[in-house]
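Keep the viewer open as you read.

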Amino acid sequence: MKVLLVNPPRSPHNALRDHAPPEALRYVHTRLVGPPLGLLTMAVAVRDDAEVSFIDLKGEYDLHPDAPIPADFVRARVLEDPPDVVGVTFIASEFPYGMEIFRAVKAASPSTVTVAGGLHATLCPGDFDDPAVDILVPGDGAAAFRALVRALASGGSPDSVGGLLVRDGGRLRPTTGPILPVDPAGRDFLVPDRSYLRPWLSTYTVGGDPRPVTYLFTSLGCTSRCSFCSIWPQRGGAYLQRDVDSVIDELRTLGEYHVVRFADANTVVDVPWTNRLLDRIQTEGIHQSYVMDMRLDTAARHPELVARLARAGLKVVITGIESPRASELKRYNKALDTRAITEGLKVFQDNGILLRANYVVDPDYGPDDFAALGDFAAAHATAYAGYTVLTPMPGTGLYQEMRDSIIDFDLAKYNFFNCVTKTRMPLEKFYEETGRLWAIRAGEHVIS
Ligand code: B12
Ligand code: SF4
């Protein structure tokens, strides 16, 4: 049994970058770098039952910008050594590329079974009702994917595995077998096997430093309920935390990585858990630089913990301020106030931790709103700051709320760098103003 796993390329659409003035341009993201942890988990899930190969098309285009387009690249690979199964991981903005990949696979090898998984497959299964998709594995699919590959290898039916959607008579229908219980951060956690990324390791770098960086998740899901966010709906509101021992075991395998970025929605939720992790990092003598997501109100409440994290190697924290206005925070269901923001910023600053604050820019903003956001961001300047467009991600509450104002349904643009809804200002002007905000940050910084 041969299984090929493909990480789709980044969407090329970035209107903020296209419109940002020169002084802001260098700060607008062009490429985010990190491993596809979900797909690397799938590789581990099936590697005892199949010969697994892997293509990271993000890494491939970073390494060889002139490589053939995704469909041609995958077609050539499939013709050379036809796999029995091709799995692709999906987020919204990479959906069009993922589907191109599946179509290329089917054109080159009609008998290859195409399997879609990941966040967008979980939240929007209806989008995958396409002849190029044979099977959809929603949710944390390691056990289901393994059972599926075993069933296919033994000539069995996907129906023996419950909880999947399978193409039948021109449509996707649910499978009938028993649903396998899964505890993806606990009993069923599998350490993502980063060795599959070795061919592209040199591309896993940030900020001009040649040493590679990686991501590691200590939890899945989120305890908060922000209306614009897909992370909590992806797991139905569940928050699943790994145990400290398993995180330490994984950290110990990451010696070749210069920076470990925690991939959690929010790394500090359970303070005693974090203290236990820090105890173990200390006793094990693990020395790395860390980047994590953390709320400002958590920092304001636990300055002693922030100090400990800094001593353990925490260098950068990513945090959502979202908006300086209480009315907007209420609309986004984001529980944060100016006092917590100010106190949290000071705690990080006192501990020498660089902050990346994220703001969301409402397409309904007019000149006064941009001025107010710019003033607030300047008065609360952080080392890095991101100003992304409020985007109704499919599968979120905000999507329902903004449905009538959506004017662009091309999912390739659903990456927070493009506006897909009506704007109050002329669109070009909106992009220029949002792009301009990216220059509002404090000084020049590098992670060392
Ligand atoms: C790591 C990460 C990345 C990495 C790697 C992504 C990749 N595939 O290459 C990098 C850094 C490259 C990345 C980039 C982007 N990302 Co990102 N990323 C994440 C992050 C932090 C963690 C995801 C993760 O690893 N989770 C842990 C794994 C284990 O979970 P998982 O991927 O869901 O996989 C499980 C299941 O889904 C399933 N599964 C997954 N794939 C497959 C495949 C098959 C075949 C099967 C059977 C099952 C299966 O099983 C897995 C195991 O349980 C999330 C936020 C979060 N905290 O969740 C955002 C997130 C996924 N990213 C997001 C976005 C928008 C982006 C960007 C487009 C833009 C941006 N602003 O971040 C960029 C890409 C564009 C660019 N210009 O660079 C959004 C997606 C929203 C949406 N609805 O589409 C998220 C949710 C962040 C957010 N704030 O909303 N990202
Ligand atoms: S925006 Fe952040 S805090 Fe809010 S639900 Fe999403 S991951 Fe959680």
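## Ground rules

This is a predicted model, where local features need pLDDT of at least 70 and side-chain atom pairs count only at pLDDT 80 or more, while totals for chains, interfaces and linings use all residues. Residues are numbered from 1 along each chain as its sequence is written, chains are lettered from A and ligands numbered from 1 in the order in which they are written, and side-chain values use heavy atoms, with hydrogens and water left out.

## Two domains

The protein chain splits into domain 1 (2-174) and domain 2 (205-437), with bounds that come from an automatic or database domain assignment. Their C-alpha centres sit 26 Å apart. Domain 1 puts 27 residues into the contact and domain 2 puts in 33, where contact means heavy atoms within 4.5 Å.

## The interface

About 2,500 Å² is buried between domain 1 and domain 2, and carbon and sulfur atoms give 65% of that. Buried area here is the accessible area (1.4 Å probe) that two parts lose on being put together, summed over both. On the domain 1 side, His 13, Leu 16 and His 19 lose the most area to domain 2, together 25% of what that side buries.

On the polar side of things, 10 residue pairs are in polar contact across the interface of domain 1 and domain 2, both residues at pLDDT 80 or more. A polar contact is a pair of N or O atoms within 3.5 Å; within protein, one must be able to donate a hydrogen and the other to accept it, and residues adjacent in sequence count only if both atoms are side-chain atoms. Which helices supply the side of domain 1 that touches domain 2? Helix 1 (15-19), helix 2 (22-25), helix 6 (95-108) and helix 7 (119-123) each bring at least two residues, and helix 7 has the largest share with 4 residues. Helices (H or I, at least four residues) and strands (E, at least two) are DSSP runs, numbered from the N terminus.

## Ligand 1

Ligand 1 has 43 residues around it, and Leu 32, Thr 89, Ala 92, Asp 140 and Gln 234 come nearest; a residue is near if one of its heavy atoms lies within 4 Å. The shell draws at least three residues from each of domain 1 and domain 2. Helix 3 gives the most, with 4 residues.

## Ligand 2

Around ligand 2 you'll find Cys 222, Ser 224, Cys 226, Phe 228, Cys 229, Ile 231, Trp 232 and Ala 265. That shell has 7 nonpolar, 1 polar and no charged residues, with Ala, Val, Leu, Ile, Met, Phe, Trp, Tyr, Cys and Pro counted as nonpolar, Asp, Glu, Lys and Arg as charged, and the others, Gly among them, as polar.

## Salt bridges

How many salt bridges does the structure hold? There are 36, each a side-chain nitrogen of Lys or Arg within 4 Å of a carboxyl oxygen of Asp or Glu. Between domain 1 and domain 2 the count is 1. The side chains of Arg 235 and Asp 140 form a salt bridge at 2.8 Å, N to O.

Another salt bridge joins Asp 72 and Arg 75, with their closest N and O atoms 2.7 Å apart. Both residues lie in helix 5 (residues 70-80), 3 residues apart, about one turn of the helix.
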